[in-house]
Each structure stands twice: as C-alpha cells, then as structure tokens.
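Let's take a walk through this one together. Have the viewer open and follow along.

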Amino acid sequence: MNENYLKLPQKIDEHFIERAKKLSTANLADGMASLSIRRGGCMDPEILAVDEKMRFCATAATVETEDGDNLPIHIAIYQAEPGYALVVDGKGYRDRAYMGDLMVGASKAVGLEAVVLDGYVRDKEGLKSLNLPVFARGYMQRSPAKKGPGKINTPILCAGVEVFPGDLICGDYDGVIVIPKEHIEKVLKKAEDKVAYEEKRTKAIEEYEKNRLEGKETASLAPQWVSEMINK
Ligand SMILES: O=C([O-])CC(=O)C(=O)O
Ligand SMILES: [Mg+2]
C-alpha cells in the first residue's frame, strides 16, 4: 500500500455522537465560538447537502485528492466501516465530478454515515433517492479522472477547515462543521448551555408577542445583554 494510505482513526465515543446529534450545526458553531480555530470549524457555506433534510454526526475519515481524480476515494470507501463520514478535500475542482450514485451507493453499502466533498458530484436524482447524506459544492456531469495516488487518513484542509482523521464532523441544512477531537466535550457543553438559553429566549419572545397582541403593557423585548451594552 502507498505510504500515504493510512488506517481508519479511532472512532469517537457513541455518547458524544448521540449528544451531538441533538444539536444543530448552528448550536455547535456557538459551542466552538470561543476557541481560536479557523472559521470556528465551519466549512465554506457553498458546501451543502444534496437534500435539505439530510443530517449526520460521525467520526471523520479523510481523503486528499485533486483534479477530479477519484481513485483515492474508491480506495477509502472499500476500506471504510460503519460510523465514519468520508471527508474529501477535492480542492474545489470544478471541471469533473468526483463521484455519483454508484460510489455513494457503495459508501452506503459499507456503512459510511455521510460523504463531505470539497468538489462536485453527479447523478442528482440517484443521490437523492439513496438518502445517504452527501455534502458538496454542487453538480457537474463530466466523469471523474482515475490517477492516484492521493492521500487517505492524513490531516487535510477541506473547504476552509482543518480536518484531522478522528475529528467529529456534523452536517445539516445550514452546512458542515468540524469539531477537533480534543475539544468535543467542552464544545458540546457550551452548545447545550446555548440551547438552554435559546429556549428561554424563545419563550420570552412568544410571551411578548402574545401580550402585545392582547394590548397588554410589556417590558422591553431586548435581552439583558443588549441593554447592558447600550448603557455601557
Ligand atoms: O463514474 C464514476 O466514476 C462516478 C459516478 O458517476 C458514480 O459513482 O456513479
Ligand atoms: Mg454515475
């Protein structure tokens, strides 16, 4: 095997994955906000799901490739296992698709949780009906190249974000976020605290609207932190 083809990383504990699955990528981004990590771990906003309903949280397995070459992606799929998302740095190459419904079907068959690709895919209809979360820049019908070698399970820079094999990666309707494995616990706790705040704030907003419509006197809708910043 090529020296740049490495084994799958250690899988993230299932209890972390379960907690992450209850959070949106926006919640997770809030959990990442205070860490000094390139763009808070959020991939380029053009990396979107082929179907808005798709979402996932999984352990990242990585591929690095270029110029529409999908040979290393093939190899990574056939050595993959359930519980991983395949994260492919295709350097945003526009002139070929990297994969289509056959390769995504194979990804699903081996138990991959998702495919995230900095590049383009094809076979839109087939991809939607396979229902495996696929996140990419968009569609290009031209066939992939087959060249190699590329790299498997080495650190990558994918769509503006550093991804180490074994990191937590999650995607939903808003896009894709990567949480470095050493920060998972802290980020989940911060994100969960933010959700608790948002639930309280949503109630306050609904209450305010109800009172206003009923013609009742109401205190200001501004949250405390806004008042404090204005009165500084
Ligand atoms: O032909 C290819 O290499 C890519 C493709 O369309 C598929 O995976 O369905
Ligand atoms: Mg095809």
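We'll begin with the ligand and finish with a pair of helices.

This is a predicted model, where local features need pLDDT of at least 70, side-chain atom pairs count only at pLDDT 80 or more, and totals for chains, interfaces and linings use all residues. Residues are numbered from 1 along each chain as its sequence is written, with chains lettered from A and ligands numbered from 1 in the order in which they are written.

Around ligand 1 you'll find N70, M99, G100, D101, L102, M103, R122, D123, S143 and P144 (a residue is near if its C-beta atom, placed from the backbone, lies within 6 Å). Helix α4 (residues 101-109) gives the largest share of that shell, three residues; helices here are DSSP runs of H or I with at least four residues, strands are E runs of at least two, and both are numbered from the N terminus.

The UniProt "binding site" annotation, from an unreviewed entry, covers G100, D101, L102, M103, R122 and D123; such annotations may be inferred rather than shown by experiment. These are spread over 24 residues of sequence, yet they cluster in space, with a largest C-alpha distance of 10.5 Å.

Look at two of them. G100 sits in the loop between β3 (84-99) and α4, and it counts as partly exposed because it has 19 C-beta neighbours inside 10 Å. M103, in helix α4, is buried because 23 other C-beta atoms lie within 10 Å (buried takes 20 or more, exposed 12 or fewer, partly exposed is in between, and C-beta atoms are placed from the backbone).
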